[in-house]
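Morning, everyone. I have one structure to walk through, and I'll keep it brisk. Please have the model open as I talk.

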Amino acid sequence: MAFSSIEIFFLLLLLITPLDISLAKKRCVIQTRYEVHVINKLPANTAQLELHCASKNDDLGYHYPAINEDFNWEFCEFIMDRTLFFCHFWWGSNDRSFIVYNDPVYCVKRGKFINYLHYCKWEVRADGFYLENYNDSSKTYFMDHIFDWKL
């Protein structure tokens with residue numbers, strides 16, 4: 001049985017299409033790739049940190065990062081998109097939730113410092129939550145205390 005050139009074309013198209021879709025998920029073609037990192041910097045020998053992060057479209061599930069472990073994810077976004085990720089944290093009797101990403105320039109809206117690296121790095125510590133920022137004058141990175149465990 002001989003195949004016509006049109007049938008061969010459609011057969012190849014069917015074989016190639018899933019490959020194109022899988023590559024598109026791994027690379028940001030027109031958008032910018034962003035990352036969010038949440039690092040457990042709580043003291044050793046204390047209660048286990050539990051966190052649950054999600055956006056409108058993606059539920060990242062519950063996670064229990066060990067001390068110094070980095071829970072992270074990445075996503076693609078246009079500069080004008082409105083992606084919002086929030087996380088809920090539990091540590092012993094402490095309980096706090098907040099937005100960890102909703103702005104490609106500052107990580108979180110009304111942030112004090114521009115995010116030059118396309119990633120938001122959060123540290124969970126005993127006294128609260130810290131976001132990595134860049135100091136233009138000294139050209140160094142520092143952790144800025146953003147939230148306490150208690151409101």
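**Cross-links, charges and a pocket**

Let me start with an arginine. R33 has a relative accessibility of 26%, so R33 counts as partly exposed. Before I go on, one caution: this is a predicted model.

What does R33 pair with? Its side chain meets that of E74 in a salt bridge, 2.9 Å from N to O. This pair links distant parts of the chain. E74 sits in strand 4 and R33 in strand 1, 41 residues apart. E74 is partly exposed too, because its relative accessible area is 46% and the buried class stops under 20%, with exposed starting over 50%.

How many salt bridges does the structure hold? Three. The general idea is simple. Side chains of opposite charge can pair when their charged atoms come close.

Next salt bridge: K121 and E132. Here the N to O distance is 3.6 Å. Again, distant parts of the chain are linked. K121 is in strand 7, E132 is in strand 8, residues 128-135, and eleven residues separate them. Now look at accessibility. K121 comes out at 21%, so K121 is partly exposed. E132 comes out at 17%, so E132 counts as buried. The cut-off between those classes is 20%.

Is E123 buried or exposed? Buried, because its relative accessible area is 7%. Its side chain meets that of R125 in a salt bridge, 2.7 Å from N to O. The two side chains are also joined by a polar contact of 2.7 Å. R125 is partly exposed, since its relative accessibility is 26%.

What else does E123 touch, leaving out residues up to four places away in sequence? The list is I39, K41, G128, F129, Y130 and M143.

**Disulfides**

Now the cysteines. Searching the whole structure gives three disulfides. I'll take them in turn.

C28 and C76 form a disulfide, with sulfur atoms 2.0 Å apart. The angle about the S-S bond is -85°, and the link is left-handed. Where are the two ends? C28 is in the loop between helix 1 (5-26) and strand 1 (32-40). C76 is in strand 4, residues 70-77. That pair links distant parts of the chain, 48 residues apart. C28 is buried, because its relative accessibility is 18%. C76 is at 27%, so C76 counts as partly exposed.

Next, C53 and C87. Their sulfur atoms are 2.0 Å apart, and they form a disulfide. This link is right-handed, with 110° about the S-S bond. Distant parts of the chain are linked here as well. C53 is in strand 2, residues 49-54, and C87 is in strand 5, residues 85-91, 34 residues apart. Both of these cysteines, C53 and C87, are buried.

Then C107 and C120, joined by a disulfide with an S to S distance of 2.1 Å. What is the handedness of the link between C107 and C120? Left-handed, because the torsion about the S-S bond is about -105°. C107 lies in the loop between strand 6 (94-101) and strand 7, and C120 lies in strand 7, so the pair ties together parts 13 residues apart in sequence. C107 and C120 are both buried.

Counting bonded cysteines along the chain, the pattern is 1-3, 2-4, 5-6.

**The largest pocket**

Last topic. How much space lies in the largest pocket? About 230 Å³. The lining has 16 residues. Which of them are closest to the centre? V108, K109, R110, G111 and I146.

Which elements give two or more residues to that lining? Strand 6, strand 8 and strand 9 (140-147). Strand 9 has the largest share of the lining, with three residues.

Two points to keep in view.

Technical notes
Residues are numbered from 1 along each chain as its sequence is written. This is a predicted model: local features need pLDDT of at least 70, side-chain atom pairs count only at pLDDT 80 or more; totals for chains, interfaces and linings use all residues. Side-chain values use heavy atoms; hydrogens and water are left out. Buried means under 20% relative accessible area, exposed over 50%, partly exposed in between (1.4 Å probe, protein chains only). A polar contact is a pair of N or O atoms within 3.5 Å; within protein, one must be able to donate a hydrogen and the other to accept it, and residues adjacent in sequence count only if both atoms are side-chain atoms. Contact means heavy atoms within 4.5 Å. A disulfide is a pair of cysteine sulfur atoms within 2.5 Å. Helices (H or I, at least four residues) and strands (E, at least two) are DSSP runs, numbered from the N terminus. A salt bridge is a side-chain nitrogen of Lys or Arg within 4 Å of a carboxyl oxygen of Asp or Glu. On a 1 Å grid over the protein atoms alone, a cavity is a set of points where a 1.4 Å probe fits but cannot get out, and a pocket is an open set with protein on both sides within 12 Å along at least five of seven lines; lining residues have an atom within 4 Å of a point. Grid points are joined across faces, edges and corners, and a volume is the space filled by probe spheres set on the points.
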